[in-house]
Every structure is written in structure tokens, then in C-alpha cells.
Amino acid sequence: MKSLVSNRGMQKILEMPSLFVKELERPFVGRYEEAKLIALALLTREHAILIGEPGTAKSAMIRRAAQLVGARFFSYLMTKFTEPSELFGPLDINALKEGRYVRITKGKLPEADIVFLDEIFKASSAILNALLSILNERVFFDGYTEIVVPLWSLFSATNEVPEDPELEALYDRILLRQYVRPLSDNMWKDLLEAAWAIEIGKVGVPQPVMTLEELKRLYDLVLQVDLSPIKSKLLKLFAVLESKGIHLTDRRKAKCLKAVAAHAILNGRLKAVEEDLIVIKNIAPHDIEEFEKVSIILSEELKTPYKYLRELEEIKASVREIENYIASFPRIDSRFIVYRLTEIYRDLETTRERVLAMVSESSNEQVEREATDVIALIDRVMGRIRERLS
Ligand SMILES: Nc1ncnc2c1ncn2[C@@H]1O[C@H](COP(=O)(O)OP(=O)(O)OP(=O)(O)O)[C@@H](O)[C@H]1O
Ligand SMILES: [Mg+2]
């Protein structure tokens with residue numbers, strides 16, 4: 001009986017990360033990957049950064065993520081003028097009078113489990129130095145006192161990857177990186193609806209879906225994932241990436257397994273499979289160009305839904321082009337136009353079949369979702385052609 005209860009408890013806890021992702025992405029359009037990245041950081045007790053142009057909901061997502069975890073949260077927008085005391089707390093004047101150097105850290109970063117430092121690379125060097133040991137060793141040292149901090153994960157958002165070598169040490173300590181692309185034109189309509197819902201307060205502050213205690217239990221599970229099935233493939237990936245000019249520091253290589261294990265847990269598994277190696281796309285790239293490069297390498301190297309998603313994206317773009325092309329046809333029905341339309345119609349039929357085949361080949365939920373969109377688009381264009389031909 002007891003084991004049944006604990007099994008059920010285990011089941012419940014394993015469902016939490018995907019529930020978290022679902023709740024996190026809910027008010028946003030096209031931000032599933034970003035939500036997953038944040039979940040991976042929490043599951044691995046690592047740090048994450050969203051990189052992208054202004055107004056792509058980076059800050060909004062991180063703030064919502066913090067609301068979804070029942071933990072102590074500290075958030076701050078960094079500028080080059082930010083003083084250490086704004087993050088770490090002011091000095092205790094009374095203690096100072098007695099010759100003691102003590103900070104009042106209540107409600108500040110040294111007492112938070114989850115931290116959001118927006119625009120982290122704008123920080124002054126005094127703050128950057130303190131952050132290095134906080135991120136790596138979870139120790140806050142400001143020249144006088146050393147405090148062990150409870151920090152679980154730190155999140156940041158930035159418009160660009162730092163180029164200054166001085167910032168490299170900090171950037172390297174942020175294991176998980178996501179390039180947040182602005183939404184493509186087919187999502188603009190949804191964006192209007194979603195942003196309006198946020199604007200009129202329809203979204204509101206969410207209830208936490210997991211506590212820090214539950215996160216700790218999930219972290220224990222991450223450490224128990226069977227990684228033997230993917231280790232040799234991971235080593236091969238390191239070699240392929242290196243040969244194509246993508247370099248991971250030893251620190252980042254070393255931490256890959258943890259992220260892979262977290263991806264397995266996020267999918268409710270205690271055993272890693274090849275698909276879990278997709279997390280490398282959030283670890284290997286250094287700058288924006290490398291995100292695309294790594295994606296292509298992974299889609300070639302891994303048996304993942306990824307390759308289908310890329311193909312679907314390409315199909316979608318070309319069907320949209322066809323749609324515009326047809327719209328540009330003159331209204332007169334010359335034999336040439338009838339011939340061209342018939343030809344295009346046949347091609348679309350073939351493409352439609354290919355998309356359906358991809359759904360069954362991949363047997364993946366995300367591919368199915370995307371494919372449904374693409375089929376709807378193809379059907380719309382085919383419908384237009386039928387109207388023209390009738
Ligand atoms: N994909 C999206 N879905 C829904 N709303 C969005 C989306 N992208 C942007 N918004 C709206 O735009 C607002 C701006 O987002 P936010 O301030 O988080 O951007 P940001 O990426 O942090 O920008 P910056 O780099 O300038 O700080 C969000 O609060 C939301 O209302
Ligand atoms: Mg922001």
C-alpha cells in the first residue's frame with residue numbers, strides 16, 4: 001500500500017514540470033521553447049538567459065515563471081549605476097560603529113531562491129565580481145564577509161550577447177541560453193489577442209504550481225536518470241560541434257548531462273533517450289549566429305521531432321509564397337493560368353500527403369500540432385484554387 005502511495009506521489013511530482021511549462025507559456029504566443037528553457041534551469045539548479053530584441057516578452061516570461069514557483073524571489077533591473085547595496089543589502093550602520101562589517105540582506109539577493117537580474121551585463125565590475133562566486137559556488141563574498149546563499153536559479157534577459165571579454169566569465173556560468181526570436185507574421189494576429197488579454201488584466205497573477213521543496217525532489221530525480229543510453233552519442237556531438245567551429249568550455253561540456261537528464265524528467269522519463277540531447281541547442285551556442293548553426297547540426301545528427309519541425313516550417317513558408325503568387329494572377333482565365341493552377345494544385349496535394357506522413361513518422365505531439373496548422377493553410381490555398389478553376 002505504501003509503495004502505491006509513493007508511486008502516486010512520484011507520478012504527481014513528475015507531472016509538475018510539464019504543468020509548469022504549460023502554465024508559463026499560456027498567456028504568451030510562440031514562447032514554448034522559452035518556457036521549456038526556464039523549466040530546465042529550475043530542474044537542474046542552473047541559470048538561464050533569454051537573448052533577444054526589445055519587447056519579445058523576455059522579462060514578462062521570467063517574472064511569470066517566478067510567480068509559478070512558491071519560493072523567495074528577488075528581481076532587479078541592472079544599470080551601470082546600480083550599487084552593490086541595491087542587490088546585496090545596505091551596510092548595518094550600528095554594526096559598523098562597533099567595527100563590524102555586516103549587510104542587512106533581508107529581502108535582497110543573498111536571501112532569495114530565485115533571482116531575476118534583468119540586463120545583467122550592464123552591472124558594474126564590483127557587482128559582476130560578486131556574482132561570479134554567487135553563480136558558481138553559491139557564496140556571496142564582498143571583501144569582508146562570506147555568506148552561503150540559497151540561490152537556486154538565476155535568470156537574466158539581454159538584448160545582445162556580451163562581446164567584452166571581461167563579461168565572458170559571467171556569461172559562461174549561465175548554462176542555458178535561448179535566442180528569443182520576434183514572432184513571425186502568421187502569429188501577429190494571435191499576438192494582438194494575447195497582448196490585449198494581458199493588457200486588460202485577464203491573465204492575472206498565477207498560483208504557484210510547485211514549491212521549492214518539490215523542486216528539490218525533482219532535482220533528486222534528475223540526478224537519478226539513467227544516462228547510459230546517450231553518453232556515446234553526446235561525445236560524438238561534442239566532436240561534431242568542435243569540428244564545425246562551435247566550442248564549449250569544459251564547464252559547459254561537464255554540465256550537459258545534467259541538462260539532458262532534466263529534459264528526460266521534463267518528459268516524464270527516468271531514462272534518457274537520444275531526443276533529450278536536443279538540450280545542447282541551449283548550451284552550445286555562444287552568439288546569435290551559432291544558435292542557427294547548432295540547430296542545423298542537431299537536426300542532422302539527432303533522431304528528433306526537430307527535423308520534422310524544421311521541414312514543416314519550410315513547407316509553411318513556401319505554401320504562403322504560393323498563396324501570394326496565386327493572388328497576383330490576373331483575373332482572366334487564360335489557358336496558361338488554368339494550366340499553372342492545376343499544376344500547383346497537384347503539388348499541394350503531394351505536399352499535403354507528405355505532411356500527413358510526417359505526423360505518423362514522428363508520432364510527436366508538437367509535430368502534430370504544427371502539421372495541423374500547415375494542413376489548414378494548404379487546404380485554404382487549395383480551396384482558393386478550386387474556386388478559381390470552377
Ligand atoms: N509573444 C508574446 N505573447 C504575448 N504578449 C507579448 C509577446 N511578446 C510581447 N508581448 C507583450 O509585450 C510586452 C513586452 O514584453 P517585455 O517587457 O517582457 O519584453 P522584453 O523582451 O523584456 O523587452 P526588453 O528587452 O525591452 O526589456 C509583454 O508584457 C506582453 O504584453
Ligand atoms: Mg525586459
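The dialogue below sets computed values of this predicted model against the criteria behind the words used for it.

Trainee: What is the overall make-up of the protein?
Mentor: The secondary structure comprises 15 helices and 9 strands. The C-alpha atoms fill a box of roughly 95 × 50 × 45 Å along the principal axes. Of the 390 residues, 31% count as buried.

Trainee: Why is Ala41 called buried?
Mentor: A residue is buried if 20 or more other C-beta atoms lie within 10 Å of its own. Ala41 has 26 other C-beta atoms within 10 Å, and is therefore buried.

Trainee: Where does Ala41 lie, and which residues does it contact beyond its neighbours within four places in sequence?
Mentor: Ala41 is placed in helix α2. Leaving aside neighbours within four places in sequence, Ala41 is in contact with Glu46, His47, Ala48, Ser153, Phe155 and Leu176. Ala41 and Leu176 are 135 residues apart in sequence, yet their C-alpha atoms are 6.8 Å apart in space.

Trainee: Which residues of the largest nonpolar core touch the most other members?
Mentor: They are Ile38 and Leu40, in a core of 93 residues. With neighbours within four places in sequence set aside, the contacts of Leu40 are Leu176, Ala259, Ala262, His263, Leu266 and Val279.

Trainee: What makes β3 and β8 edge strands?
Mentor: The open sheet has 5 strands in the order β3-β4-β7-β1-β8, with parallel pairing. β3 (73-77) and β8 (176-180) each have a single partner strand, so one side of each is left without a neighbour in the sheet. From one strand to the next, the twist averages 15 degrees.

Trainee: Why are β8 and β4 described as largely enclosed?
Mentor: In β8, 5 of the 5 residues are buried, so this strand is largely enclosed by the rest of the structure. Both of its faces are covered: Leu176, Gln178 and Val180 are buried on one side, and Arg177 and Tyr179 on the other. In strand β4 (residues 114-118), 4 of the 5 residues are buried, so β4 is also largely enclosed by the rest of the structure.

Trainee: How many residues meet where domain 1 touches domain 2?
Mentor: The domain assignment gives domain 1 (2-209), domain 2 (211-301) and domain 3 (305-389). In all, 27 residues of domain 1 are in contact with 27 residues of domain 2. Helix α2 gives the most to the side of domain 1 that touches domain 2, with 7 residues. That side of domain 1 has 17 nonpolar, 4 polar and 6 charged residues.

Trainee: What makes the phi values of Ala57 and Ser363 worth noting?
Mentor: Most residues other than glycine have a negative phi. Ala57 has a positive phi near 70 degrees, and Ser363 one of about 35 degrees.

Trainee: Are these two residues buried or exposed?
Mentor: Ala57, in the loop between β1 and α3 (58-68), has 24 C-beta neighbours inside 10 Å and so counts as buried. Ser363 lies in the loop between α14 (335-362) and α15 (365-389). A residue is exposed if 12 or fewer other C-beta atoms lie within 10 Å; Ser363 has 9, and is therefore exposed.

Key:
Residues numbered from 1 in each chain as written. Chains lettered and ligands numbered in written order. Predicted model: local features only at pLDDT ≥ 70, side-chain atom pairs only at ≥ 80, totals over all residues. Helix = DSSP H or I, 4+ residues; strand = E, 2+ residues; numbered from the N terminus. Core = buried A, V, L, I, M, F, W, Y, C linked by C-beta atoms within 7 Å. Contact = placed C-beta atoms within 7 Å. Pairing = 2+ DSSP bridges. Axes fitted to C-alpha atoms, helices over the stretch in contact; angles between N-to-C directions. Domains from an automatic or database assignment. Nonpolar A, V, L, I, M, F, W, Y, C, P; charged D, E, K, R; others polar.
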